[in-house]
Amino acid sequence: MRLPSLPRWPLAHLPTPLEDARNLSAALDGPRILIKRDDLTGLALGGNKTRKLEYLIADAWEQGATVIITTGAAQSNHCRQAAAAARVAGMRCVLVLSSADADPPAQGNLLLDYLLGAEVHFVRDRSERQPEMERIAEELRRQGERPYIIPTGGSTPLGASAYVAAAFELTQQLIANSWDVSRVYVTSSTSGGTHAGLALGARLCGDPFQVVGIGIEADAAAIRDVVLPLANATAEFLGVDARLGPDDLRIDDRYVGPGYGIPTAECLEAIKLAAQTEGLLLDPVYTGKTLAGMIDHIRNGEIGREETVVFIHTGGAPALFAQADALMASLKR
Ligand SMILES: Cc1ncc(COP(=O)(O)O)c(C=O)c1O
């Protein structure tokens, strides 16, 4: 197993806390709910990507990189954390952000990208991201720079390895507290590194819990087509024999709503409930929908009252400010 010997650039505050959300549990008349606070990884408002960036930035450094190039949506949490991580490592950061709006408002994550000194390039469509990153990398090479491209979400086998490590971290916390957890809820996306790493990590820990991925975009089949090969490529990369099959991945796509980044009424309700019971700030793109899925599983009886479940808070609260209107409208209802 290569994981302990992989180079890591220390960026995150680890282990992240695992908190007992008693008020949330009582409000739902539900199971014990533990919240794994990966929103508190600490780098420039934190989030799940900081774990991945510890490995990716170390790799970039080893390759002599001078500039990080990465990509996402205009409100990408990954891009904000990558911009901060590049700064810590003394590198420049170029972000290729897709946005239907040619000049999106400097709010939330985008505001922080500018503050962190990232060089921002906009493209209109997701499909233009990769070619644009390659074009910029070529141009930078001609200028004598050494660019390092991080694909969407840092979801490579190296990046996903961080969530294999997170599964070990969580399992140790559960053992130390004698918490017997049945399920771990996490966002599942078409980037997929977090779900892939956790699912593989759980397998390597002896499957102490089921990982339940709640889709926030696309449908379950499309997400599985990304997460499954990534989990198995990560296993190969780490030099472990374990392999996952399609039935090993639980992905529930019933809470996506109209699409990526468009909050549903249930998502906004979940954000409000988390804030007003636990003082916990979720986000409108990822964790709000994920908690909405978990709440529905509690209400429809899929999760029994006697169970203990974990919700992985992967961060993203800066995007709340970019969706202030939708949030305020829901608070007034
Ligand atoms: C807050 C938040 N949660 C979850 C995810 C999904 O993580 P992954 O890209 O590993 O699927 C992201 C990705 O950007 C995110 O920003």
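Colleague: At what angle do helix H2 and H3 pack?

Modeller: First, the ground rules: this is a predicted model, where local features need pLDDT of at least 70, side-chain atom pairs count only at pLDDT 80 or more, and totals for chains, interfaces and linings use all residues. Residues are numbered from 1 along each chain as its sequence is written, and side-chain values use heavy atoms, with hydrogens and water left out. Helix H2 covers residues 49-62, and its axis runs 10 Å from that of H3, at an angle of about 45 degrees.

Colleague: What do the terms helix, strand and axis stand for here?

Modeller: Helices (H or I, at least four residues) and strands (E, at least two) are DSSP runs, numbered from the N terminus. Axes are lines fitted to C-alpha atoms, for helices over the stretch in contact, and angles run from 0 to 180 degrees between N-to-C directions.

Colleague: Are H2 and H3 parallel or oblique to each other?

Modeller: Angles under 35 degrees count as roughly parallel, over 145 as roughly antiparallel, 65 to 115 as roughly perpendicular and the rest as oblique. The packing angle of H2 and H3 is about 45 degrees. H2 and H3 are therefore oblique.

Colleague: Which residues of H3 meet H2?

Modeller: Contact means heavy atoms within 4.5 Å. H2 brings Lys49, Thr50, Leu53 and Ile57. From H3 come His78, Gln81, Ala82, Ala85 and Ala86.

Colleague: How many residues of the contact of H2 with H3 are nonpolar?

Modeller: Ala, Val, Leu, Ile, Met, Phe, Trp, Tyr, Cys and Pro count as nonpolar, Asp, Glu, Lys and Arg as charged, and the others, Gly among them, as polar. In this contact of H2 with H3, three residues are polar and one is charged. The nonpolar residues number five.

Colleague: How do H3 and H4 pack, roughly parallel or roughly antiparallel?

Modeller: H3 spans residues 77-88 and H4 spans residues 108-115. Their axes are 9 Å apart, at an angle of about 20 degrees. That makes H3 and H4 roughly parallel.

Colleague: Which residues of H4 make the contact with H3?

Modeller: On the H3 side, the contact uses Asn77, Cys79 and Arg80. On the H4 side, the residues are Asn109, Leu112 and Asp113.

Colleague: How are H9 and H10 oriented to each other, oblique or roughly perpendicular?

Modeller: H9 is residues 265-278 and H10 is residues 287-299. Their axes come within 8 Å and cross at roughly 90 degrees. H9 and H10 are therefore roughly perpendicular.

Colleague: Which residues are closest to the ligand?

Modeller: A residue counts as near if one of its heavy atoms lies within 4 Å. In total, 15 residues surround the ligand. The closest are Lys49, Lys52, Ser191, Thr194 and Thr314.

Colleague: Which peptide bond is cis?

Modeller: Look at the segment before strand E1 (18-20), where Pro15 lies. Omega is near -5 degrees there, and the cis bond runs from Leu14 to Pro15.
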